[in-house]
Amino acid sequence: MKPLKLLNYVGDAWQGADAGLADVNSALTGEIAAQLGSGGVDFAAMAAHARNTGGPALRAMTFHERARMLKALAEAIIARKEELYALSAQTGATRTDGWVDIEGGAGTLFAYSSKGRRELPNDTILLDGALEPLSKRGTFVGQHILSPLQGVALHINAFNFPVWGMLEKLGPTLLAGVPAIVKPASSTAYVTEQCVRIMIESGALPAGALQLIVGSTGDLFDHLTGQDVISFTGSAATANKLRSHPNVVGQSVRFIAECDSLNATVLGPDCTPDTPEFELFAKEIVREMTVKAGQKCTAIRRVFVPAALIDAVQEAVSQRLAAVVVGDPANEGVTMGALVSQGQRADVRAKVAEMAQDARIVFGDPQAQPEGVSADGAFMSPVLLRCDTPWAAPHIHATEAFGPVSTLMPYTDLADAVALCREGQGSLVMSLFTYDPQVAIAVIDGAAAFHGRVLIADRDCARESTGHGSPLPGLVHGGPGRAGGGEEMGGLRGMSHYMQRTALQGSPRMLAAIGHRWLPGAPKIAEGPHPFRLKFDELALGKTFDSAPRTISLADIEHFAEFTGDTFYAHMDEEAAKANPFFPGRVAHGYLILSFAAGLFVDPAPGPVLANYGLDNLRFLKPVSPGDTIAVALTAMSKSRRNDEYGEVRWNAQVTNQDGDLVATYELLTMNAL
């Protein structure tokens with residue numbers, strides 16, 4: 001096949017290298033699949049374009065607009081996914097491998113789009129946490145906010161997931177409002193480049209929001225500032241080299257790293273060969289060894305089992321490995337493709353030789369050429385090692401063979417298993433297979449601090465479980481120690497790496513104006529029509545309705561009890577209620593107070609309020625006794641447009657008694673017509 005000439009995307013234009021092209025070989029045949037380079041790219045101008053063009057354009061968009069942009073990008077990728085599958089095959093990936101990468105990547109964008117529209121305001125400012133009172137009278141308050149960094153995110157990605165690896169970083173970055181420069185690993189950059197083309201051609205991205213480097217980053221690091229972020233996936237050695245760059249250190253450039261990870265899995269002592277968990281365990285080990293030919297940062301590298309079960313586990317895993325068919329993914333029946341390159345295969349073979357100093361190979365031959373494949377391809381058999389002395393195996397706990405390789409080891413008891421897991425010095429993920437909650441509690445208590453994610457697998461969740469090695473958009477991906485100490489995704493947590501948390505101090509009036517959210521102590525608007533008569537766009541924050549009072553009688557309480565069936569003694573038995581330290585005697589139901597409050601503030605005629613769909617932060621603060629009088633103040637607190645027909649209004653409700661004491665407070669959510 002004719003090699004692809006890969007281009008950089010710089011300043012909203014495609015640009016080839018003016019010299020120094022490097023060859024990228026096919027994992028299947030060894031032929032040149034692509035040529036790439038970044039010679040001639042002006043990296044200073046590239047960073048400036050992101051900051052001066054992409055950043056302002058993204059920051060001008062609301063979170064909902066950015067979320068819709070992510071959805072459009074995901075839809076474009078899905079619409080042209082076959083282009084990516086065709087290229088993915090040249091990296092050695094099977095169709096299943098490609099699905100994880102391509103459709104999994106698009107799925108991550110879909111997930112961030114959904115979260116952005118459901119969990120973020122349709123605004124450009126993001127409040128972080130509750131209001132902090134700073135004074136007795138409430139005239140001086142504090143509020144944390146999150147603002148997009150006014151720089152650029154440099155994403156340096158690994159070879160194993162050329163689409164997902166880019167998109168899992170890009171989703172939270174763009175949602176936060178920060179432009180990105182993507183630098184993929186050379187060996188699979190031709191897949192990434194095509195995905196970037198698809199996204200650019202979708203027209204969903206504003207100018208300057210996304211740029212691409214296919215080749216060296218040149219002097220780009222010299223042009224980074226304290227407003228920029230580097231998000232890196234790769235080896236710990238490279239991460240340490242990059243994070244110690246003089247300008248990165250001098251400018252305190254944020255550095256997020258996801259590195260080597262000797263991920264472990266543990267078979268609980270309760271999981272004998274006749275249990276479902278034993279079978280699930282063996283199946284998961286083989287899946288993690290063979291998906292992407294074991295080239296996954298989350299793959300299982302160390303397998304810990306009760307000493308009495310190690311022979312049974314070895315047999316079960318070996319039987320499954322024997323059924324694995326290694327070959328060209330285009331051939332029917334192939335279940336594991338090639339490693340990404342002959343260089344990668346050589347590295348894996350060398351690492352297996354190191355590990356074999358502490359263990360013996362019990363399945364597979366790392367040097368053997370699988371049958372029916374090109375001698376110039378990067379094919380290799382899965383390799384299972386066994387180490388019977390895990391506490392005398394320094395190579396096993398310090399060496400990652402980034403391929404279809406795993407090591408089986410015994411443990412004596414749970415404390416021993418936990419300690420062995422910790423020997424990995426921090427990982428992205430570990431898994432535990434058990435049906436005994438006490439086993440899970442013990443392992444989590446001892447091991448969770450050493451791992452970014454822990455899967456507890458059993459028969460109850462097996463059907464729907466995504467497995468040991470699948471990072472999910474809603475959960476953090478990263479880990480301590482050897483794993484790099486970084487963190488990605490985790491739902492909206494992933495945005496915070498690209499935002500600055502700032503503590504604001506001032507009056508409620510001023511902070512309400514900045515945060516686009518009415519705060520207690522800020523001015524109210526009492527004059528004019530009832531707020532339920534105002535359309536979404538007409539409703540000003542701070543618009544308040546102060547109700548007339550209503551006295552609650554003993555008859556009201558008894559009627560409510562009988563009508564609802566809530567005859568709890570505090571409402572019906574004077575003597576028992578008085579014996580309760582929280583009540584002076586019989587008291588009104590909390591939900592009676594809410595019901596009466598709604599009756600006091602509602603305007604019943606048809607109008608802009610379409611629906612009441614929930615309450616947040618409800619608290620009952622003081623009992624209401626028979627004969628007490630309540631009133632309610634309802635204030636428009638915040639607004640978020642949902643579409644062209646309606647938007648969400650959040651109301652602050654304060655219910656007080658005849659003495660002005662607060663008896664209940666909550667936030668009412670309504671949908672209001674535009």
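Reader: Which residue in β17 does Val305 stand opposite?

Author: Val305 stands opposite Pro410. This is a predicted model, where local features need pLDDT of at least 70, side-chain atom pairs count only at pLDDT 80 or more, and totals for chains, interfaces and linings use all residues. Residues are numbered from 1 along each chain as its sequence is written, and side-chain values use heavy atoms, with hydrogens and water left out.

Reader: Which strands pair with β17?

Author: β14 (residues 302-306) runs parallel to β17 and is joined to it by five bridges. β16 (residues 383-386) also pairs with β17 in the parallel sense, over four bridges. Pairing requires at least two DSSP bridges between the strands; strands are DSSP runs of E, at least two residues, and helices are runs of H or I, at least four, numbered from the N terminus.

Reader: What is the bridge partner of Leu385 in β17?

Author: Thr407.

Reader: How many residues of β17 are buried?

Author: Seven of seven, in residues 405-411. Buried means under 20% relative accessible area, exposed over 50%, and partly exposed in between, with a 1.4 Å probe and protein chains only.

Reader: Which residues of β17 point which way?

Author: Val405, Thr407, Met409 and Tyr411 point one way, and Ser406, Leu408 and Pro410 the other. In a regular strand the side chains alternate between the two faces of the sheet.

Reader: Switching to the largest nonpolar core, which members touch the most others?

Author: Leu267 and Val405, out of 62 residues. Helix α9 (residues 276-290) gives the largest share, six residues. A nonpolar core is a set of buried Ala, Val, Leu, Ile, Met, Phe, Trp, Tyr and Cys residues joined through side-chain atoms within 4.5 Å.
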